[in-house]
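Look over the sequence and the model first.

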Amino acid sequence: MKLLITGREGQLACALLEAAASVGVQAVAIGRPGIDVTDEWSVTEVIARERPDILVNTAAYTAVDKAESEPILAHAVNALGAEFVAKACAAHAIPIIQISTDHVFDGTKDGPYVEGDPTAPVNVYGRTKLEGEERVARACQHHLILRTAWLYSPWGANFVKAMLRLARTQPSIGVVNDQMGSPTSAPHLARIVLDIAARAVTNPADTRWGIYHAVGAGDTSRFGLAQEIFRYAAAQGLPAAEVIAIATSAYPTPAQRPADSRLNCDKLRMTFGFELPDWRLGVEDCVAKLAASAGAGG
């Protein structure tokens, strides 16, 4: 199986390359300047040249707060770019796995969201990602849209790395305790993506295309996630700050966040038989890797 990944520097792209190498899957990740998803000609040329068996579109504008002041760019990447990739895939009968987000929901449901729940994004990032989902579904019949959330890993910018960085200079850190979600390890998600991709390539006729939720098992608040990060950090000999619970209202940001964006993954488990591990296991592994990297001067 040849896997083409649009996007190269992001957390999931890095995790996919590592996971693919570990199981002998041919994976090619192409980001800018090799491909510009906002340029339809660039997308068409790259996909026609590479001709993968399946494509995973990880390319996205993910700066949630910055998107509020750059809506045109966010739309170009997350909505139009996703459509360009899907159209090029459809032209060559290539299935696409589109990575989406919990931000398509407003966070007001009393309980975890299922795939069929009404969408109502509360920020530019969520609106552009939702439009990307819709455009992908229209452009390519053989599509799998995976909504994930609170992604963390040893790569890129994420909450785990931010907390560890702050702890080096701050003895205590205020973290909101009224935002609930499903933390997700990028390496754990990457292994699921590879398994789903292999299933789709091997048996496309029996693949149930559509939208699936794929997040770490369990859920917590941002406050609870920070506590867990520092619990593992202390065990690894890294600086661990005291976590102080604060309300979202005490930490205003340009973009509104969904207050409770927990995702239900029963459809993924019942359809494909796959389930991500508990989010705590991913945090422990991520902190250990970062500690090892720090110890080696990385």
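Q: How are α1 and α7 oriented to each other?
A: This is a predicted model, where local features need pLDDT of at least 70, side-chain atom pairs count only at pLDDT 80 or more, and totals for chains, interfaces and linings use all residues. Residues are numbered from 1 along each chain as its sequence is written, and side-chain values use heavy atoms, with hydrogens and water left out. Helix α1 (residues 11-23) and helix α7 (residues 186-202) pack at about 60°, their axes 8 Å apart. Angles under 35 degrees count as roughly parallel, over 145 as roughly antiparallel, 65 to 115 as roughly perpendicular and the rest as oblique, so α1 and α7 are oblique.

Q: Which residues of α7 make the contact with α1?
A: Contact means heavy atoms within 4.5 Å. From α1 come Q11, L12, A15, L16, A19, A20 and V23. From α7 come A186, P187, L189, A190, R191, V193 and L194.

Q: Is S182 buried or exposed?
A: S182 sits in the loop between β8 (180-181) and β9 (184-185). Its relative accessible area is 2%. Buried means under 20%, exposed over 50%, and partly exposed in between (1.4 Å probe, protein chains only), so S182 is buried.

Q: Which residue has its backbone nitrogen 3.4 Å from a polar atom of the S182 side chain?
A: Leaving aside neighbours within four places in sequence, S182 is in contact with residues including W150, D219, R262 and L263. The backbone nitrogen that lies 3.4 Å from a polar side-chain atom of S182 belongs to L263.

Definitions and conventions:
Axes fitted to C-alpha atoms, helices over the stretch in contact; angles between N-to-C directions. Helix = DSSP H or I, 4+ residues; strand = E, 2+ residues; numbered from the N terminus. Polar contact = N/O pair within 3.5 Å; in protein donor to acceptor, adjacent residues only side chain to side chain.
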